Amino acid sequence: MSKAKRILGWGALAAAAIAGAALYLSWQPAIEPLASGARQAFAADQIARGEKLAALGDCAVCHTRPGGETNTGGLPMEIPFGTIYTTNITPDEETGIGRWSYEAFARAMRYGVDRQGHYLYPAFPYTAFTRTSDADLRDLYAWLMSQKPVRYRPPETALHFPFNIRQGVWAWNLLYLTLGPMQSDPSQSDEWNRGAYLAEGLGHCSACHSPRDLLFGEKGGQDHLTGGTAEGWTAPALRGGSDLSLPWSRQDLLAFMRTGYSANHGVAAGPMAPVIEEGLSRLTEAERQAIAAYLAAPDRPTGDAGARVRSTEEAVEPLASDGARLYSGACMACHAQTKGTALSGVRPALALNSNLYAQTPDNAIRVVLDGIQHPATDELGTMPAFRHNLSDAQIASLLNYLRVSFTGKAPWPELQARVAALRAETAP
């Protein structure tokens with residue numbers, strides 16, 4: 001036997017041994033189902049606590065498809081390797097989690113493995129949920145199992161090879177899953193620690209607001225909470241790395257969590273609107289205070305925001321350019337603080353709007369194309385869509401005019417091409 005063949009043979013044997021070891025180490029047993037028709041009793045206060053935890057965890061946001069019943073799943077999540085469909089988490093015995101014991105539920109939340117022993121894709125943020133205490137997991141389980149069972153079987157998730165091999169998630173977990181409930185930081189206040197627990201655990205803020213690496217794992221350290229992407233939208237930085245007119249103060253965060261609107265930053269849009277509607281707005285004020293204490297930078301003087309807006313708007317010359325004319329005709333009536341009069345709802349100041357300060361124009365483009373049809377709270381009012389009223393060139397001209405004139409930043413490069421691309425991607 002030649003030397004090359006011996007090397008090839010030993011290499012194949014080593015590869016087979018490694019594959020076998022990985023299969024052995026990654027194997028997870030099924031957990032016995034509850035008996036059909038079994039009834040579990042939960043205390044009323046436990047169910048009530050679980051309802052708040054479900055709101056914090058945005059369960060309904062991800063596990064409810066458009067037009068579907070709450071928590072029945074079927075929401076498509078597009079990723080580069082295919083489409084992930086969320087599961088039915090109502091207590092239906094055939095299509096939901098009705099026969100899941102608490103042990104099976106806890107394993108899914110902590111380890112990302114379902115009752116049958118299948119690995120869950122980390123689109124389900126178990127890397128954050130694992131930090132939740134046993135008591136809170138039991139309360140959440142109690143609430144979920146006390147809801148109305150609904151029979152609905154979502155479409156099967158089908159990813160391209162090799163991502164369709166679920167056991168491969170075991171190797172990903174070795175890199176990105178840190179097991180165990182969150183530990184308090186003794187150098188911080190009780191309120192700060194409570195906020196950290198809520199935001200980093202069931203709140204899973206970092207799932208959207210942290211950047212990801214090539215393996216789609218969250219970046220930690222100094223990159224943690226410095227901005228990410230979610231469903232094609234830019235999720236802005238919650239800590240550091242933020243390029244805004246004004247930093248997010250504690251009061252800004254509180255107002256935004258309550259209503260979906262901050263006068264110093266703008267209105268919740270895209271995937272953030274349902275997070276406010278179904279989640280953060282339903283928390284107690286003490287819980288929101290704690291999250292704000294954890295996320296907000298120490299309050300510091302920011303100058304007179306109102307004076308900044310007035311001086312910017314008063315400098316507008318309506319006929320000076322195509323962008324200025326578009327702003328005067330399409331935006332000023334609702335958005336100009338000094339001249340406009342909103343027909344209903346709030347009147348965000350574009351000179352402070354976070355989307356205009358972002359490095360990428362995607363959020364601003366999406367809002368102009370499709371408006372805000374489903375606000376986080378009714379009091380905010382809606383914004384009309386301009387998809388069928390403005391061309392790609394007009395939207396690009398308008399947005400770069402707003403960015404340069406209202407923020408002092410350089411125009412976004414190749415903006416018209418990006419408008420065209422997003423118009424096509426988001427076509428109804």
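This is a predicted model: local features need pLDDT of at least 70, side-chain atom pairs count only at pLDDT 80 or more; totals for chains, interfaces and linings use all residues.

Colleague: Fine. How many helices and strands does the protein chain have?

Modeller: The protein chain has 19 helices and seven strands, where helices (H or I, at least four residues) and strands (E, at least two) are DSSP runs numbered from the N terminus.

Colleague: And what share of the residues counts as buried?

Modeller: Of the 428 residues in the protein chain, 45% count as buried, a term that stands for under 20% relative accessible area, with exposed being over 50% and partly exposed in between (1.4 Å probe, protein chains only). As for contacts (heavy atoms within 4.5 Å), 63% of those between residues at least 6 apart in sequence join residues at least 24 apart.

Colleague: Let's turn to the sheet. What is the order of its strands?

Modeller: It is an open sheet of three strands in the order S1-S2-S3, with antiparallel pairing; two strands pair if DSSP finds at least two bridges between them. S1 and S3 are the edge strands, each pairing on one side only.

Colleague: How many bridges hold S1 and S2?

Modeller: Strand S1 (residues 76-79) and strand S2 (residues 82-85) pair over four bridges, and they form a hairpin with two residues between them. Ile79 stands opposite Gly82 in S2. On to S3 (residues 158-159), which is antiparallel to S2 and joined to S2 by two bridges, with Thr83 opposite Ala158 in S3.

Colleague: Now the helices. At what angle do H2 and H6 cross?

Modeller: The axes of helix H2 (residues 44-56) and helix H6 (residues 134-145) cross at roughly 95 degrees and come within 7 Å. Axes here are lines fitted to C-alpha atoms, for helices over the stretch in contact, and angles run from 0 to 180 degrees between N-to-C directions. H2 and H6 are therefore roughly perpendicular to each other, since that term covers 65 to 115 degrees, with under 35 counting as roughly parallel, over 145 as roughly antiparallel and the rest as oblique.

Colleague: Which residues meet there, for H2 and H6?

Modeller: Among them are Ile47, Arg49 and Leu53 in H2, and Asp139, Leu140 and Trp143 in H6.

Colleague: And how do H10 and H12 pack?

Modeller: Helix H10 (residues 250-259) and helix H12 (residues 285-295) pack at an angle of about 135 degrees, with their axes 9 Å apart, and they are therefore oblique to each other. The residues in this contact include Leu253 and Met257 in H10, and Ile291 and Leu295 in H12.

Colleague: Last one: is Ala268 buried or exposed?

Modeller: Ala268 is buried, with a relative accessible area of 1%, and lies in the loop between strand S7 (266-267) and helix H11 (272-278).

Colleague: What is Ala268 in contact with, leaving aside its neighbours within four places in sequence?

Modeller: With those neighbours left aside, Ala268 is in contact with Phe256, Gly260, Ala273, Ile276 and Ile372. Ile372 is 104 residues from Ala268 along the chain, and their C-alpha atoms are separated by 9.0 Å.

Note on methods: Residues are numbered from 1 along each chain as its sequence is written. Side-chain values use heavy atoms; hydrogens and water are left out.
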